[in-house]
Amino acid sequence: MRFDIVTLFPELFAPLLTSGITRRAFESGQVDVRLANPRDFAEGNYRRVDDRPFGGGPGMVMMAEPLTQCLKSIQTQRNDAVPVVLFSPVGQPLNHAMVERWADSQGAVLICGRYEGLDQRFIDESVTEQISLGDFVLSGGEIAAMALLDAVARLQPGVLNSADSHQQDSFNPSLDGLLDCPHYTRPENWSGRAVPDVLLSGHHVNIERWRREQRLAITARLRPELIARARLDGRLTPADEAFLAGPA
């Protein structure tokens, strides 16, 4: 798959593409990332890409023409019809299901806005999808683009050390969309806190039941809407429901 990133700050992506375990996906080309700067398509000596908003107000607005020319250049190189994604507060919140969809796609063109935003005419003409990281505002779309790239990269075959590692992630359908359970490692006792006895028992059935109950308890406490969704989807067993109901 190929992701083309439209950004005024392409240098921000270097650490993501060369660090950590997900670099395997980028170095191998499983996730091909290419960077394009709309300033390279701006006119004039100053290569201006923004201007004051009509109607007044604070900040600057990214101009439609440099963005359009940058996008056209990318689309000519790609010669395929992939989505054009803008990271924006009005977009759909990014979630696991969306990440899985992108991880099994041909990629996209990702637009990283800056300043007060983009000229709406460019959005209306060229953007096919908008994505948000949550109900807050960032200085630009680059962090959101990196979040999507990282999430997609770790789902590619061979990227993680264990092929099924991501199957144990929070929100994964293999965990019925629940949050993951706590994890422990050596030493067995640290700062007066001991590892739960069940994890040292070697009894795999009991360990898996403990982990399931921990996932249920944590999700019910912190994200009860995920419990409701799992229940609606028929993912909770009678044993799960009995645990959630508490002592008889």
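Me: Which residue with a positive phi follows α8?

Reply: That residue is Gly234, and its phi is near 75°. Please keep in mind that this is a predicted model.

Me: Which residues of helix α8 are buried?

Reply: Helix α8 covers residues 224-232, and its buried residues are Leu226, Ile227 and Ala230. Viewed down the axis of α8, these buried residues fall within an arc of 105°, so they line one face of the helix.

Me: Why do residues three or four places apart point the same way in an α-helix?

Reply: An α-helix has 3.6 residues a turn, so residues three or four places apart point the same way.

Me: Against what do the buried residues of α8 pack?

Reply: They pack against two helices, α7 (204-222) and α9 (238-245).

Me: How should I read a salt bridge, and how many does a search of the whole structure find?

Reply: Look for a side-chain nitrogen of Lys or Arg within 4 Å of a carboxyl oxygen of Asp or Glu. The search finds 19 salt bridges. One of them joins Asp4 and Arg78, whose closest N and O atoms are 2.9 Å apart. This pair links distant parts of the chain, with Asp4 in strand β1 and Arg78 in helix α3, 74 residues apart.

Me: Are Asp4 and Arg78 buried or exposed?

Reply: A residue counts as buried when its relative accessible area is under 20%. Asp4 has 3% and is therefore buried; Arg78 has 11% and is buried as well.

Me: Which residue meets Glu142 in a salt bridge?

Reply: The side chain of Glu142 meets that of Arg114, at 2.9 Å from N to O. Glu142 lies in helix α6, whereas Arg114 lies in the loop between β6 and α5, 28 residues apart. Both Glu142 and Arg114 are buried.

Me: Which residues are linked in a network of salt bridges?

Reply: The network links Asp176, Arg209, Arg212, Glu213, Arg235 and Asp240.

Me: Which residues make the nonpolar surface patch?

Reply: Leu133, Phe136, Leu138 and Ile143 make a patch of about 340 Å². Phe136 is placed in the loop between β7 and α6, and its relative accessibility of 44% makes it partly exposed.

Me: Finally, how should I read the chain as a whole?

Reply: Begin with its secondary structure, which comes to 9 helices and 9 strands. The radius of gyration is 23 Å, well over the 18 Å that the globule rule gives for 248 residues, so the chain is more spread out than a compact globule. Along its principal axes, the C-alpha trace spans about 70 × 40 × 40 Å.

Technical notes
Residues numbered from 1 in each chain as written. Predicted model: local features only at pLDDT ≥ 70, side-chain atom pairs only at ≥ 80, totals over all residues. Heavy atoms only, no water. Patch = residues over 30% accessible without salt bridge, like charges linked within 9 Å, V, L, I, M, F, W, Y side chains within 5 Å. Areas by Shrake-Rupley, 256 points an atom, 1.4 Å probe, with all protein chains shown as cover. Helix = DSSP H or I, 4+ residues; strand = E, 2+ residues; numbered from the N terminus. Buried < 20%, exposed > 50% of the residue type's maximum accessible area, 1.4 Å probe, protein only. Rg over C-alpha atoms; globule rule 2.2 N^0.38 Å. Arc of directions from axis to C-beta. Contact = heavy atoms within 4.5 Å.
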